[in-house]
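Dear colleague,

Please find the structure below, together with its sequence.

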Amino acid sequence: MKVTYDQKVDVLRIVLNDAAIEESDEDKPGVIIDYDDHGNVIGMEILDASTRIASPRTLKYAVTG
């Protein structure tokens, strides 16, 4: 998994795997979900991230269980 934040365009991108993007849907305004050719979610983009996330430059990651 890879998380990047591009401050110039204010987009937070979460990549779950490196599969090719077959389709992208904007189910909710400003949130784009990317799918592979089998319909699996492989990534997400959050547009205008600084207005939707308290601090897009900070990342907390935890593994539970």
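Leucine 59 sits in the segment that follows helix H1 (49-52); helices (H or I, at least four residues) and strands (E, at least two) are DSSP runs, numbered from the N terminus. Leucine 59 is exposed, with a relative accessible area of 58%. Here, buried means under 20% relative accessible area, exposed over 50%, and partly exposed in between (1.4 Å probe, protein chains only). Although 55 residues separate leucine 59 from threonine 4 in sequence, their C-alpha atoms are 9.7 Å apart in space.

Please note that this is a predicted model, in which local features need pLDDT of at least 70 and side-chain atom pairs count only at pLDDT 80 or more, while totals for chains, interfaces and linings use all residues. Residues are numbered from 1 along each chain as its sequence is written, and side-chain values use heavy atoms, with hydrogens and water left out.

Both leucine 59 and threonine 4 belong to the lining of the largest pocket, which also includes Val3, Tyr5, Leu12, Ile14, Ile53, Ser55, Pro56, Arg57 and Thr58. The search used a 1 Å grid over the protein atoms alone: a cavity is a set of points where a 1.4 Å probe fits but cannot get out, whereas a pocket is an open set with protein on both sides within 12 Å along at least five of seven lines, and lining residues have an atom within 4 Å of a point. The volume of the largest pocket is about 160 Å³, where grid points are joined across faces, edges and corners and the volume is the space filled by probe spheres set on the points. Strands S1 (2-6) and S2 (11-15) each contribute at least two lining residues, and S1 gives the largest share, three residues. By class, the lining comprises seven nonpolar residues, three polar and one charged (Ala, Val, Leu, Ile, Met, Phe, Trp, Tyr, Cys and Pro count as nonpolar, Asp, Glu, Lys and Arg as charged, and the others, Gly among them, as polar).

S1 and S2 run antiparallel and are joined by five bridges; two strands pair if DSSP finds at least two bridges between them. Aspartate 6 stands opposite valine 11 of S2. Four residues lie between the strands of this hairpin, in which aspartate 10 has a positive phi near 55°. S2 also pairs with S5 in the antiparallel sense, over five bridges, and isoleucine 14 has methionine 44 in S5 as its bridge partner. Four of the five residues of S2 are buried, so this strand is largely enclosed by the rest of the structure.

A further antiparallel pair consists of S3 (residues 23-28) and S4 (residues 31-35), joined by four bridges. Serine 24 faces aspartate 34 in S4.

Which side chain meets that of aspartate 34 in a salt bridge? The partner is arginine 13, at 2.7 Å, N to O; a salt bridge is a side-chain nitrogen of Lys or Arg within 4 Å of a carboxyl oxygen of Asp or Glu. Arginine 13 lies in S2 and aspartate 34 in S4, so the pair ties together parts that are 21 residues apart in sequence. Arginine 13 also forms a salt bridge with glutamate 45, with the closest N and O atoms 3.9 Å apart. This second pair links strand S5 (residues 41-47), which holds glutamate 45, to S2, 32 residues apart. Glutamate 45 is partly exposed, at 24% relative accessible area, whereas arginine 13 is buried, at 17%. Through shared partners, salt bridges join Arg13, Asp34 and Glu45 into one network.

Yours sincerely
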